[in-house]
Each structure stands twice: as C-alpha cells, then as structure tokens.
Amino acid sequence: MFAVYAESFSSDDPLGGLVVGERPDPEVLEGWATVTVKAASLNHHDLWSLRGVGLREESLPMILGCDAAGLDEDGNEVVVHAVIGDPAWGGDETYDPKRSLLSEKHQGTFAEKVVVPRRNLVPKPGSLSFEEAACLPTAWLTAYRMLFTQGRLTPGETVLVQGAGGGVATALIVLGRAAGLRVLATSRDEAKRARAVELGAHEAYESGARLPVKVDAVMETVGRATWSHSIRSLRPGGRIVISGTTSGPQLDDAELTRIFFLQLAVIGSTMGTRHELDGLVRFLDATGTRPLVDRTLPMEQARDGFAAMAEGDVFGKIVFTR
Ligand SMILES: NC(=O)c1ccc[n+]([C@@H]2O[C@H](COP(=O)([O-])OP(=O)(O)OC[C@H]3O[C@@H](n4cnc5c(N)ncnc54)[C@H](OP(=O)(O)O)[C@@H]3O)[C@@H](O)[C@H]2O)c1
C-alpha cells in the first residue's frame with residue numbers, strides 16, 4: 001500500500017531518511033480495526049522520529065504519523081486516537097507505562113490504511129471535515145487535557161498561554177476562548193502576538209512582560225525560557241500545567257520559594273485519553289470552533305510538508321489528504 005515512512009535516522013538531515021513509497025499492509029491483530037485514511041496531520045514528533053528520537057533502529061522501516069481521520073471497515077467516519085495502551089491496563093491510558101504513540105511501536109497514519117485497537121476509534125461528527133478531525137488527536141488533545149482535566153479551568157477564570165506560536169499553544173488559545181476563559185498569551189514575535197489575538201486571546205504580551213493581573217493558571221510548553229515568568233504570573237493558590245520544554249528543561253531558578261509560599265500547584269500533562277478525545281470532538285461540534293490549518297497537501301507531497309515544518313515556516317497544522 002502507499003505509505004510515507006522512515007527508512008533511516010539522521011539528526012542533521014532528517015528528511016534524508018524519509019521515503020514516499022510502498023509498504024506491506026499492517027497486520028490486523030485480534031480486536032483491532034482497519035481505518036482507510038482520508039486525512040492525517042503532521043507533528044514535530046514525526047520530524048523527531050526521523051532524527052531517531054523516540055523510535056528504535058530495529059523498528060525501521062516505520063510508517064510515520066500519529067494523527068488521522070478516515071473510514072472504518074463498515075464505512076463509519078472516525079477519528080483515530082493515537083495512544084496505544086496495553087489492553088490489560090483498563091484505566092487512564094496516559095498512566096500506562098507500556099503505552100506508545102502510533103508510529104513508535106505500531107505503524108503510523110501516513111498511509112492508505114492504519115490499524116489500531118477498535119477502542120481507539122472515536123466517531124467523527126459530520127460537522128467536522130476529515131481534514132479538521134485529523135488535526136485533533138495529538139496537539140489539540142494535549143491542549144484539551146491541559147486546560148480542562150489537569151488545569152481544572154472553569155468559565156470566567158484567567159489563563160496565561162506561553163509561546164503563542166506553538167502548535168499546542170495555538171490550540172490552548174482557541175479552546176480556552178471557546179470555553180469562556182479570559183486568555184492572555186505571550187510571544188517573542190509581534191506578528192505572532194497579533195495572530196494570537198486574532199485566534200481569540202484577549203490580550204497578548206511580549207515574552208517575560210509584567211502582566212496587569214495575576215492569573216488562575218499558566219499553560220507551559222516553553223520550559224526554561226518562560227518558567228520563572230509563569231510562576232511569577234500566578235495568583236496565590238494558582239496552578240501551572242506543563243506538557244513540554246521547547247527551550248530546554250534545565251532551570252537557573254525553579255522559584256521554589258514562591259511555589260511553597262504562594263501554595264502553587266505544578267502539574268504535568270501528557271497527551272490525553274480516548275474519552276478526552278471524544279470530549280474534544282463533541283466540544284468542537286457543539287461550539288463550531290475549528291482547528292487552525294496552515295496548509296493541506298496530497299499525501300504524495302508529504303516531503304514538502306516535512307520541509308516546511310523543519311524550516312519552522314508554519315502557523316497551524318499541516319494536513320495530508322488521500
Ligand atoms: N506532553 C505531550 O503530550 C506533548 C504533546 C505535544 C507537544 N508536546 C511538547 O510541547 C512543546 C511545544 O510543542 P509545539 O509543537 O506546540 O511548539 P514548538 O514549535 O515546539 O514551540 C513552542 C513555542 O515555544 C516558544 N519558544 C521557543 N523557544 C523560546 C525561547 N527561547 N524563549 C521564549 N519562547 C520560546 C515559541 O513561542 P514564540 O515564538 O511565540 O515566542 C514557540 O512557538 C514541545 O516541547 C513538544 O515536545 C508535548
């Protein structure tokens with residue numbers, strides 16, 4: 001079948017190991033379902049896989065892609081949940097130590113077909129296009145869990161989103177605004193601050209700027225560069241939810257004194273559950289909110305999408321269609 005896959009790794013030239021070609025159909029295990037892919041979206045994770053991060057040499061060749069929407073064997077429109085847990089686990093699959101993300105252990109979504117446990121299929125409402133639905137399972141699901149499960153944010157509260165240009169950050173802004181939050185955002189770049197406001201942020205500030213109010217919660221994906229500002233922006237009893245460290249994980253000052261004295265909560269967040277993906281899909285269906293798509297390309301032109309992401313020339317999701 002047609003597939004876009006990693007044949008080898010290179011940290012300097014990740015696109016060197018990318019092949020747009022043919023792979024055998026994936027094996028259908030007991031209790032798993034085959035989805036005919038209609039749209040799939042690109043994540044930084046796919047570039048990291050080509051650099052050999054999160055993927056082992058013995059797993060090559062590996063079809064890339066975590067996110068997809070398509071048709072199940074009965075023709076039902078579905079969104080594919082990307083977290084593959086151990087069937088014996090039962091609880092919140094993001095706590096399963098044996099979980100993996102599609103394209104780490106099991107073949108990914110940039111192909112004619114993808115095979116996943118049947119429970120990983122979430123119904124796609126007709127109001128969402130395949131392209132829109134394919135944006136949701138990774139960055140948007142991460143943002144949903146950060147805001148509503150780990151951040152426990154409720155309408156009327158104020159949230160600060162650091163690094164407004166990022167994929168998770170843009171999803172945080174759009175979802176936060178649609179959920180009735182007051183959304184403040186930061187970015188180093190003036191044009192990105194303007195885009196953040198267009199997307200729904202009430203106000204956007206330069207990274208590190210003193211805010212006019214203390215916030216109920218901060219959503220962190222930047223790490224080292226913004227951590228101190230995040231802690232200093234919180235009200236007493238506020239919470240910081242962190243799901244990434246783009247600028248690095250090491251801190252000069254972890255602001256421990258403020259954390260205990262102001263009784264702040266630091267909460268980690270990773271991906272999301274099938275139940276949360278279903279909630280996200282219903283949330284978009286009910287509110288009319290839609291993911292931001294940077295561009296749509298036929299899957300045969302996947303290399304151009306990877307190149308754009310490698311150059312950082314993206315605002316929103318890159319979607320591949322079939
Ligand atoms: N835990 C999970 O489940 C999960 C899921 C998805 C992603 N992630 C992680 O989340 C992080 C964000 O990923 P992403 O793809 O959304 O975005 P990204 O492209 O990695 O960048 C996020 C933002 O960080 C800001 N930034 C980078 N370096 C900075 C610096 N030195 N100073 C200030 N700001 C800086 C930039 O904002 P401005 O340019 O606007 O200032 C950038 O737009 C990554 O670390 C990723 O691995 C985690």
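1. A residue is called buried when its relative accessible area is under 20%, exposed when it is over 50%, and partly exposed in between (1.4 Å probe, protein chains only). By this rule histidine 229 is buried, because its relative accessibility is 6%. Histidine 229 sits in helix α6, residues 227–232. Setting aside residues up to four places away in sequence, histidine 229 touches Leu160, Gln162, Thr186, Gly208, Ala209 and Leu211; a contact here means heavy atoms within 4.5 Å.

2. The model is predicted, so to speak of local features requires pLDDT of at least 70 and side-chain atom pairs count only at pLDDT 80 or more, while totals for chains, interfaces and linings use all residues. Residues are numbered from 1 along each chain as its sequence is written, and side-chain values use heavy atoms, with hydrogens and water left out.

3. The protein has nine helices and 18 strands. These are DSSP runs numbered from the N terminus: helices are H or I with at least four residues, strands are E with at least two.

4. The C-alpha trace spans about 55 × 40 × 40 Å along its principal axes. Of the 322 residues, 53% are buried. Among contacts between residues at least 6 apart in sequence, 70% join residues at least 24 apart.

5. Arg193, Ala196 and Leu199 are buried. They lie on the same side of α5, because they cover an arc of only 120 degrees around the axis; the arc is that of the directions from the helix axis to the C-beta atoms. An α-helix has 3.6 residues a turn, so residues three or four places apart point the same way. Glu190, Ala191 and Glu198 are exposed on the other side of α5. The cover over the buried residues includes α4 (167–178), β12 (182–187) and β13 (203–206).

6. Arginine 145, in helix α3 (residues 136–150), is buried with a relative accessible area of 2%. Beyond residues up to four places away in sequence, its contacts include Asp92, Tyr95, Gln150, Met271 and Glu276. Arginine 177, in helix α4, is partly exposed at 38% relative accessibility. Leaving aside neighbours within four places in sequence, arginine 177 is in contact with Val183, Gly200, Ala201 and His202. The C-alpha atoms of arginine 177 and valine 159 are separated by 9.7 Å, and the two residues are 18 residues apart along the chain.

7. Some backbone angles deserve a check. Most residues other than glycine have a negative phi, and most peptide bonds are trans. The peptide bond from leucine 60 to proline 61 is cis, with omega near -5 degrees, and proline 61 lies in the loop between α1 (44–50) and β4 (62–63).

8. Glutamate 255 has a positive phi, near 60 degrees. Glutamate 255 is in the loop between β15 (234–242) and α7 (256–261) and is buried at 9% relative accessible area. Methionine 271 has a positive phi near 50 degrees. Methionine 271 is in the loop between β16 (265–268) and α8 (274–287), and at 11% relative accessibility methionine 271 is buried.
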